[in-house]
Amino acid sequence: MRIIFCNITWLKNYIGVSDADKLGKTDGRDKGKNNEVHESYNFQDYNGKCYGYVSNRGGSLRLERFEKATVNDDSIDNVLVIWVAKQGKTGKNVIVGWYKKATLYKYSQESYPYGGIGRDLNFSTEALSKDSFLLPESQRKFEIPRAAVVGKDMGMGQSNIWYAESGFAKTIFIPKVLEYMESYNGGFINTVYSEEVLQKTLDMTSTEYQALIDKGEELINEEDFYKAFLYYNTAREINDSADALFGVGESLIGLNMFSRAIVAFENAISMEGDKSDSLYYLQCLYMNSNQYIKAVNICDKMLQLVDKNDVESICTIYYYKVYAYNALEDDTQAIKCLDFIINTTADEEFKNDAIGMKSELTSNK
């Protein structure tokens, strides 16, 4: 079995730092200002997956130490990742959760959102959210000993990574961990946006459609996205309208459920035709999901709707196309779009930015 133990900082929910869920001081980093660290989001459902990070001073994970893996592998699959953190009160290192069937990367991966949709990702491993399990704080009791206390190869060392390769680990300790995991019945606290969760509605049969829409919009503005989603879902039961679907799409973006949001906006457009707001969200979502040709096509639809006298908005849409063509490595089309911006915009900063991008593209030829 492929198994790895990863030491991270202590948090209650691992869906970001908040006043109610502050970072623990476990790995020597200065968190006096309660700064974000990448593992803060290790159990956030992000478009159906959890992306886990562990700080590794070695710079890369030794994947060749796993069964049937080699030094040439950049990633391996079907890994059981055990997340460990230091309990503030007891000072003990305990299991806080785990990923099943995870992909583990040799080098940390980075991904950055487009259009302000989503958050930056920096991760060492990923797993489906349905295969990710976070224990409540009260149930974090299974201790992972430190080698400095119990002996070499019998626990975690100074590194945040433990491959647990020793005979003791494989024959005595790991079986105890697996038995604990299989027998555990105390429940988990990470939210998984499963099909069942995303089909839920409110029990508000007497509420009018417009009141539900208005409340959903209010909750979106308050960034209470799941509650907003429930209001819009309930509105759809009364009138499955484009407005309700648009609200569902906005809510899903707030919940980082981008694949589902795409479907909502596509359905809204099929109901009411092309509308600027829905098209804007779709081009962002297509870019974020690497559907660049679709993003270009959406930009062309946006150009048909925009006021022909609104030169700066037109240039902005051409800028969206530049990013899509860059991703497609189509320098010819990207340069055509940049030329349009350079020759059209009255914004000097915008023009200079476009000139710089064109210069970079032409120098690569």
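Student: Where is the place of Y14?
Tutor: This is a predicted model in which local features need pLDDT of at least 70, side-chain atom pairs count only at pLDDT 80 or more, and totals for chains, interfaces and linings use all residues. Residues are numbered from 1 along each chain as its sequence is written, and side-chain values use heavy atoms, with hydrogens and water left out. Helices (H or I, at least four residues) and strands (E, at least two) are DSSP runs, numbered from the N terminus. Y14 has its place in the loop between strand 1 and strand 2 (49-52).

Student: Is Y14 buried or exposed?
Tutor: Buried means under 20% relative accessible area, exposed over 50%, and partly exposed in between (1.4 Å probe, protein chains only). Because its relative accessibility is 0%, Y14 counts as buried.

Student: What is the phi of Y14?
Tutor: Most residues other than glycine have a negative phi. Y14 is a residue other than glycine with a positive value, and its phi is near 55 degrees.

Student: What is the phi of N78?
Tutor: N78 is found in strand 3. Its relative accessible area is 54%, so N78 is exposed. Although N78 is not a glycine, its phi is positive, at about 60 degrees.

Student: In which sense do strand 1 and strand 3 pair?
Tutor: Two strands pair if DSSP finds at least two bridges between them. Strand 1 (residues 3-8) and strand 3 (residues 75-86) have six bridges. In strand 3, L80 is the bridge partner of I3. The sense of this pairing is parallel.

Student: Which residue stands opposite I82 in strand 4?
Tutor: I82 lies in strand 3. Strand 3 and strand 4 (residues 93-111) are paired over nine bridges in the antiparallel sense. The residue of strand 4 that stands opposite I82 is W98.

Student: Which residue takes a positive phi in the hairpin of strand 3 and strand 4?
Tutor: This hairpin has six residues between the strands. The positive phi is near 75 degrees, and the residue that takes it is G91.

Student: Why does I82 count as buried?
Tutor: Contact means heavy atoms within 4.5 Å. Not counting residues up to four places away in sequence, I82 touches I3, I4, F5, C6, I95, G97, W98, V177 and M181. I82 counts as buried because its relative accessibility is 0%.

Student: How do helix 4 and helix 5 lie to each other?
Tutor: Axes are lines fitted to C-alpha atoms, for helices over the stretch in contact, and angles run from 0 to 180 degrees between N-to-C directions. The axes of helix 4 and helix 5 (residues 242-254) come within 8 Å and cross at roughly 160 degrees. Angles under 35 degrees count as roughly parallel, over 145 as roughly antiparallel, 65 to 115 as roughly perpendicular and the rest as oblique. Helix 4 and helix 5 are therefore roughly antiparallel.

Student: How many charged residues has the contact of helix 4 with helix 5?
Tutor: From helix 4, F225, A228, F229, Y232, N233, A235 and R236 meet A244, L245, G247, V248, S251, L252 and G254 of helix 5. Ala, Val, Leu, Ile, Met, Phe, Trp, Tyr, Cys and Pro count as nonpolar, Asp, Glu, Lys and Arg as charged, and the others, Gly among them, as polar. By class, nine residues of this contact are nonpolar and four polar, and the number of charged residues is one.

Student: What is the relative accessible area of N233?
Tutor: N233 lies in helix 4 (residues 225-238). Leaving aside neighbours within four places in sequence, N233 is in contact with L198, Q199, K200, T201 and V248. N233 is buried because its relative accessible area is 9%.

Student: How far apart are the axes of helix 6 and helix 7?
Tutor: Helix 6 (residues 258-272) packs on helix 7 (residues 276-288) at an angle of about 145 degrees. The contact includes F258, A261 and I262 of helix 6 and S278, L279 and Y281 of helix 7. By class, this contact has ten nonpolar, one polar and two charged residues. The axes of helix 6 and helix 7 are apart by 10 Å.

Student: What is the relative accessible area of C315?
Tutor: C315 lies in helix 9 (residues 311-327). Beyond neighbours within four places in sequence, C315 is in contact with F340, I341, T344, T345 and F350. C315 is buried because its relative accessible area is 0%.

Student: What part of the chain do buried residues make up?
Tutor: The chain has eleven helices and seven strands. Of its 365 residues, the buried ones make up 47%.
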